[in-house]
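Welcome, and please open your viewer with the selection tool at hand.

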Amino acid sequence: MQKLFDGTQRFRNDTFPRHRELFDRLSARQQPEVLFITCSDSRIDPNLLTQTEPGDIFVLRNAGNIVPPHGASSGGEEATIDYAVQVLGIEHIVVCGHSDCGAMKGLLHPEKLNELPAVGRWLAHAEATRSVVHCTCHGRPDHEKLDEAIRQNVRVQLNHLRTIPSVNAGLVRARLQLHGWVYDIASGQVHVVDETTGRYVAGADVALATN
């Protein structure tokens, strides 16, 4: 905790004064354009990864970057998404998975969750991910199954997003776009779902293609 307290002091004394104009503006309102849904894993820093400033992205985090389908959960995910879409007027939603995801390891090995019943119940919202991997990766090494689960889970959660009425309405009106990412911790690379092919491509290639 001392590291955290020291950090807040450095922020107040050094960082805050250098960005006073930004924080003055943010103190009155927020106007992010992107809802960034990612895992709670401590190795993921959305602002660092995207090189954004406070106020640029609205962040939703949980184990496994999961979005329960509409009506399937009483948690806060749908409320957060509705607020982002209907109140903040965000234009993009990113679902960002990551390498070495502990939630996906648990999904593939449910026997290891016997002492974590709440985690098991939560991961039921990714059951479609497990089913796809079970069908397509039979006989492959565990590390390949994990990588495929991470990729497939992003696609599954994007599909769940489309069941949420506010998101579906935004898509129909062409006011909202969905994006699937996978971040590799070891390399710093981000791969993005290509909407045309359904395959993952390097994020840099996507950026070049859209410029």
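Here is the tour, beginning with a few ground rules.

This is a predicted model, in which local features need pLDDT of at least 70, side-chain atom pairs count only at pLDDT 80 or more, and totals for chains, interfaces and linings use all residues. Residues are numbered from 1 along each chain as its sequence is written, and side-chain values use heavy atoms, with hydrogens and water left out.

**Stop 1: the start of the chain**

Select Met1, which lies in the segment before helix H1 (2-18). Helices here are DSSP runs of H or I with at least four residues, strands are E runs of at least two, and both are numbered from the N terminus. Met1 counts as exposed because its relative accessibility is 66%. The classes are buried under 20% relative accessible area, exposed over 50%, and partly exposed in between, with a 1.4 Å probe and protein chains only.

**Stop 2: the cysteines**

How many disulfides does a search of the whole structure find? It finds zero, a disulfide being a pair of cysteine sulfur atoms within 2.5 Å. Take Cys39: the nearest cysteine sulfur, that of Cys101, is 4.3 Å away. Cys39 counts as buried because its relative accessibility is 6%. For Cys137, the nearest cysteine sulfur belongs to Cys135, 9.6 Å away. Cys137 is buried too, at 0% relative accessibility.

Next, pick Cys96 in strand S3 (residues 92-98). Is Cys96 buried or exposed? With a relative accessible area of 0%, Cys96 is buried. Draw a C-alpha to C-alpha distance from Cys96 to Cys39: they are 57 residues apart in sequence and 7.5 Å apart in space. Leaving out residues up to four places away in sequence, Cys96 touches Phe36, Ile37, Thr38, Cys39, Leu49, Asn65, Trp181 and Tyr183, where contact means heavy atoms within 4.5 Å.

**Stop 3: salt bridges**

The structure holds seven salt bridges, each a side-chain nitrogen of Lys or Arg within 4 Å of a carboxyl oxygen of Asp or Glu. Within it, Asp41 pairs with Arg43 at 2.7 Å between the closest N and O atoms, and Lys105 meets Asp100 at 2.7 Å, N to O. Asp41 is buried, with a relative accessible area of 16%, while Arg43 is partly exposed at 39%. Lys105 is partly exposed at 36%, and Asp100 is partly exposed at 35%.

**Stop 4: helix H8**

Finish with residues 142-161, the 20 residues of helix H8. From first C-alpha to last, H8 reaches 28 Å, close to the 28 Å expected at 1.5 Å a residue, that expectation being 1.5 Å times one less than the number of residues. Colour the buried residues of H8, among them Leu146, Ile150, Val154 and Leu158. An α-helix has 3.6 residues a turn, so residues three or four places apart point the same way.
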